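Reader: I would like to learn how to read the features of a model like this. Please show me the sequence and structure, then take me through them.

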Amino acid sequence: QVQLVESGGGLVQAGGSLRLSCSAAGRTFDLFVMGWYRQAPGKQRELVAAATRAGAIRYAESVKGRFTISRDSAKTSVYLQMKCLKPEDTAVYYCAADRATWDVNGMDYWGKGTLVTVSP
């Protein structure tokens, strides 16, 4: 089993920045993919950014150029630096991990989520 714990959410004005952190504990040696997903009220959960242990990265089109994902050298933590935040970025952000995929419907492990609210 793997436990994921997120931190760093909060309230920020449009144009501001936030950094989310996620640490994994437990059976972490086979966490090939770690990433960030979000779910806004009334919407489906979607991929924001994900990174593989090998260095491949995927971003949602809506965050390209504004968000940056990174993993620590031990590959047990993942971070999301968010800049130029917009009100439409408001959502609960979840850290997730999997052995093989970054598909939102295929992730094995999920954190409890952290709320990001961007005011106009």
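Reader: Is Cys-95 buried or exposed?

Author: Burial is judged by relative accessible area: buried is under 20%, exposed over 50%, partly exposed in between, with a 1.4 Å probe and protein chains only. Cys-95 has 0%, so Cys-95 is buried. Cys-22 is also at 0% and counts as buried. Cys-84, at 46%, is partly exposed.

Reader: What should I know about the model itself?

Author: This is a predicted model: local features need pLDDT of at least 70, side-chain atom pairs count only at pLDDT 80 or more, and totals for chains, interfaces and linings use all residues. Residues are numbered from 1 along each chain as its sequence is written, and side-chain values use heavy atoms, with hydrogens and water left out.

Reader: Which residue does a disulfide join to Cys-95?

Author: A disulfide is a pair of cysteine sulfur atoms within 2.5 Å. Here Cys-22 is joined to Cys-95, with 2.0 Å from S to S. The structure holds one disulfide. The angle about the S-S bond is -75°, and the link of Cys-22 and Cys-95 is left-handed. Cys-22 sits in strand 3 (residues 18-26) and Cys-95 in strand 9 (residues 91-98), so the pair links distant parts of the chain, 73 residues apart. Strands (E, at least two residues) and helices (H or I, at least four) are DSSP runs, numbered from the N terminus.

Reader: What is the strand order in the open sheet of four strands?

Author: Two strands pair if DSSP finds at least two bridges between them. The order is 1-3-8-7, with antiparallel pairing. Strand 1 (2-7) and strand 7 (67-71) stand at the edges; each has a single partner strand, so one side of each lacks a neighbour in the sheet. On average, neighbouring strands of this sheet are turned by 15° against each other, direction ignored. That angle is taken between axes, which are lines fitted to C-alpha atoms (for helices over the stretch in contact); angles run from 0 to 180 degrees between N-to-C directions.

Reader: How many bridges join strand 3 to strand 8?

Author: Six bridges join strand 3 to strand 8 (residues 77-82), and the two run antiparallel. Leu-18 has Met-82 as its bridge partner in strand 8.

Reader: Which residues have the most contacts inside the largest nonpolar core?

Author: In soluble globular proteins, nonpolar side chains tend to be buried together. A nonpolar core is a set of buried Ala, Val, Leu, Ile, Met, Phe, Trp, Tyr and Cys residues joined through side-chain atoms within 4.5 Å. The largest one has 29 residues, and Leu-4, Trp-36, Leu-80, Met-82 and Tyr-93 have the most contacts inside it. Apart from this core lies another, of six residues, including Leu-47 and Met-107.

Reader: Which residues are linked in a network of salt bridges?

Author: A salt bridge is a side-chain nitrogen of Lys or Arg within 4 Å of a carboxyl oxygen of Asp or Glu. By this rule there are six salt bridges. Arg-38, Glu-46, Arg-66 and Asp-89 form the network. Glu-46 bridges to Arg-38, with the closest N and O atoms 2.8 Å apart. Glu-46 is partly exposed at 34%, whereas Arg-38 is buried at 6%. Arg-66 bridges to Asp-89, also with the closest N and O atoms 2.8 Å apart. Arg-66 lies in the loop between strand 6 (57-59) and strand 7, and Asp-89 in the loop between strand 8 and strand 9, so the pair ties together parts 23 residues apart in sequence. Both Arg-66 and Asp-89 are buried.
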